[in-house]
Amino acid sequence: MTDQAPTLGFIGLGVMGGPMCRNVVTKHPAPVFAFDLSEAALNELVEAGAKRAASIAHVAQNADVIFLSLPGGKQVEAVCFGDGGVVSAAKKGAIVVDLSTTGVAEARSIAERLAKAGLKFVDAPVARTRQAAQAGTLSIMAGASPELFAKVEPYLGYMGSDVTLCGPTGGGQVVKLINNTLLFEHVAALAEMMVVAERAGVAPATLLEAVSKGSGDSFALRNHATKAMLPREFPERSFPAEYVLKDLGYAIDLAKDCGVEPKMPLTAQGYYQAAVEAGFGAKYFPAIIELIDRSRG
């Protein structure tokens, strides 16, 4: 890459990737090549100013920095190393920045394999809501060397208001998995206590208002509980319980690899697995309260 603004690429234009890419397109002074299997999603970004890419390889052969926003590690591996993938066409020295949530071992393995192909890798998973993705106020947790992080930090800043270097490769995924696990556990705890309060004669709205003024206040309470669990609004195409299970599985594996018995994550995993089995798998994950509300002990 030269001192001129690099050409960027963006692969994966879903619920989070779409608005993230839009922020990149509108803020970056050089071309941004975009690709998604959904023609409708791609059309929206082309209308916003992105260059239409016909394939993953088309993005890779044009971009100096390639962003990925995909469902998980298997998809990241396929996009990087599959037929017509990034490795097949990318410029030597190009940087792949993975905004997806994957396992820590997966991130480190992908980095090693890309390095053998002459490419660099940053794991940079994102946190906060779809609204934050739209506003460009995500929290982004990166794993990379300080030198490599310095090269991509300005572009991550298009999407996030808080961008943190968490350590070497895999460090971003470590922090993201812990962040998500704490959130999933807290949402499950809030769901239990909201049902308890209502059955004990306290309106859930009153409970949340009072607790928000005390030491039980939290991001999950003010967002997931207040905006979804209280009105019982759980749209599809928001972060579903099925994705929760994926991330919890990664976190449980990480804890075990570190010699810690993950009792709290395993409890939360049981709740969300039950929610999937009860038919809530495609709904926004705070719908777990519906599962708890059906139960009687």
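How many residues does helix α6 have, and how far does it reach from its first C-alpha to its last? Select residues 104-116: helix α6 has 13 residues and reaches 19 Å, close to the 18 Å expected at 1.5 Å a residue (the expected span is 1.5 Å times one less than the number of residues). Helices (H or I, at least four residues) and strands (E, at least two) are DSSP runs, numbered from the N terminus.

This is a predicted model, in which local features need pLDDT of at least 70 and side-chain atom pairs count only at pLDDT 80 or more, while totals for chains, interfaces and linings use all residues. Residues are numbered from 1 along each chain as its sequence is written, and side-chain values use heavy atoms, leaving out hydrogens and water.

Next, select Val-104, Ala-107, Ile-110, Ala-111 and Leu-114, the buried residues of α6 (buried means under 20% relative accessible area, exposed over 50%, partly exposed in between, with a 1.4 Å probe and protein chains only). They lie on the same side of α6 because they cover an arc of only 130° around the axis (the arc of the directions from the helix axis to the C-beta atoms). Among the elements they pack against are β6 and α9 (171-199); contact means heavy atoms within 4.5 Å. On the other side, Ala-105, Glu-112 and Lys-116 are exposed.

Move on to Gly-118, which follows α6 and has a positive phi, near 85°.

Finally, select Asp-123 in strand β6 (residues 120-123). The side chain of Asp-123 reaches the backbone nitrogen of Gly-170 at 2.8 Å. Residues that Asp-123 touches include Ala-107, Met-141 and Thr-169, not counting residues up to four places away in sequence.

How values were computed:
Polar contact = N/O pair within 3.5 Å; in protein donor to acceptor, adjacent residues only side chain to side chain.
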